[in-house]
Amino acid sequence: MSNVGFLAILRRDLLLAIRYRGDLANPLIFFFVVIALIPLGLTPESRELSEIASGMLWIMALLASLLSLDGLFKDDFNDGTLEQIIILPQPLYFMILAKIIVHWMVTGLPLSLLAPILGMMLSLPESGYLPLTFSLLIGTATLSLLGSIGAALTLPLNREGLLLPLIIMPFYMPVLIFGSGTVELAIDGFSIMSPLAIMGSFLALSLLISPYVTACALRLSVQG
Amino acid sequence: MSDTVNFLNNSSFSKILILEDLSFQRNENFLFSNINVSLSSGEILQILGHNGSGKTTLLKLIVSALNLELGKILWQGKNVKNIRESYLENLLFLGHKPGLKGLLSAEENLTWWRSLNKTNSITNSAAFKHVGLNSNKDEPCCYLSAGQLRRAALARLYVSNAKLWVLDEPFASIDKQFSIELKALLISHLDNGGIVLLSTHQNLEIKNMKYISLPYPDKVC
């Protein structure tokens, strides 16, 4: 029974994402524009750029993911679908997990795949391309999972403003540190298996906990 | 414990839904307190009250969209907290907001809803014919008017297999003609042994109708 709700939400949210491509493109455009501005604002010198490239790419990916979190439950909340979902005879955990997976598929996944191209713009050394993609794939999934908690908590507030980033940022920090660290290590010629393993454990942990905590937060939020 | 309750309500097995001492507190004020109702098959309960008296809140408590802290709800003699899933399988709730995705058509919305709830054999197009949306069912819901949205949401009543219907202002923004049809639908649901709880300001005049009236909201803060 648990996968009925999971699949139904997954399919519907993907369909909605395809129908409303503007939302889909927003984080990507943000990511692209900011990265394109860095050489203009800092220095076009490729040697200096390559030193900050991995950190910059990771920070911008994090912000792009954060930017799109706001809408994760908002539409469902406003049109009353969330209420319907909460009282379905299905485990809420899996339905929320489905929503988070779709969020990752439309933000984290394309960001990760696009990152090496933008890395080229920041003259990221070639040896960093694959580690960047891998660390972003794992990292952005963790960000989506953790971010859903904040999105659920700030849901009933109409103008949450900076509250969501404030709640979520402390949880994002370890992901950022290990994410950009992975790329740095790869550029310096070390093995990336251990930082990737640590990031994998972050992902596993948040996969277990986040949907559950988000479910609790959503139940609180609909109390309105 | 629940046995004693059934015994007190004397017609022990016929009462399917029992609300026992439901109260709701917000910011230390009671919105309403000690609501006691019991309903058996074929009965309909109309919740009356002024705007802001807590009709919607009461309905949301009953469908467990809000956490029930004071009082309890018994479904077929069992506390719904313990049988949440089987209770929700028997429940259909139509809230104030229609619960339709604006970017999906009415047809897609209903198909999605169907995939998650127990439904009967009536097809989607038959349901849309009943609610008079046949020509608009493939348009995105964001292009529908308020009345049409309400009709699209009410199409669920035709396909649902749920025994307990909880409807928050189902007559809002629909026209006279469809109101009559909706009332006929409610009656046929009651004749089939269903239970209906609804909040509306209309005078429905259905037999077996029970009423509760929520007190005027306490203005003293």
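**Notebook: chains A and B**

I looked up the domains of chain B first. The domain assignment gives domain 1 (1–90 + 163–171 + 184–221) and domain 2 (97–162) of chain B. I note that this is a predicted model.

I then checked how the two domains of chain B sit relative to each other. Their C-alpha centres lie 25 Å apart. Where they meet, 7 residues of domain 1 of chain B are in contact with 4 residues of domain 2 of chain B. I sorted the domain 1 side of this contact by class and got 4 nonpolar, 1 polar and 2 charged residues.

**Sheet of chain B**

I traced an open sheet of 4 strands in chain B, and its order is β2-β1-β4-β5, with antiparallel pairing. At the edges I found β2 (29–40) and β5 (78–79) of chain B, each of which pairs on one side only. I followed β5(B) to its partner: strand β4 (residues 70–75) of chain B is joined to β5(B) by 2 bridges, and the two run antiparallel. Within this pair, Trp75(B) stands opposite Lys78(B) of β5(B).

Which helix packs on the sheet? I found α2 (residues 55–62) of chain B there, touching β1 (15–26), β2 and β4 of chain B. The direction of α2(B) makes about 125° with that of β1(B).

**Helix α4 of chain B**

I listed the buried residues of helix α4 (residues 106–116) of chain B: Ala106(B), Glu107(B), Glu108(B), Asn109(B), Leu110(B) and Trp113(B). I also looked for what covers these buried residues, and the cover includes α5 (124–131) and α6 (146–159) of chain B. For the helix geometry I wrote down a general rule: an α-helix has 3.6 residues a turn, so residues three or four places apart point the same way.

**Where chain A meets chain B**

I turned to the contact between the chains, where 20 residues of chain A are in contact with 21 residues of chain B. On the chain A side, the elements giving two or more residues are α1 (2–19) and α5 (81–86) of chain A. The most comes from α1(A), with 6 residues. By class, I recorded 9 nonpolar, 6 polar and 5 charged residues on this side of chain A.

**One residue of chain A**

Last, I picked Ala25(A), which lies in helix α2 (residues 21–41) of chain A. Why does Ala25(A) count as partly exposed? I found 13 C-beta neighbours inside 10 Å of Ala25(A), and a residue is called buried at 20 or more and exposed at 12 or fewer. I also compared Ala25(A) with Thr154(A): they are 129 residues apart in sequence and 23 Å apart in space, C-alpha to C-alpha.

Note on methods:
Residues are numbered from 1 along each chain as its sequence is written. Chains are lettered from A and ligands numbered from 1 in the order in which they are written. This is a predicted model: local features need pLDDT of at least 70, side-chain atom pairs count only at pLDDT 80 or more; totals for chains, interfaces and linings use all residues. Two residues are in contact if their C-beta atoms, placed from the backbone, lie within 7 Å. Ala, Val, Leu, Ile, Met, Phe, Trp, Tyr, Cys and Pro count as nonpolar, Asp, Glu, Lys and Arg as charged, and the others, Gly among them, as polar. Two strands pair if DSSP finds at least two bridges between them. Axes are lines fitted to C-alpha atoms, for helices over the stretch in contact, and angles run from 0 to 180 degrees between N-to-C directions. Domain bounds come from an automatic or database domain assignment.
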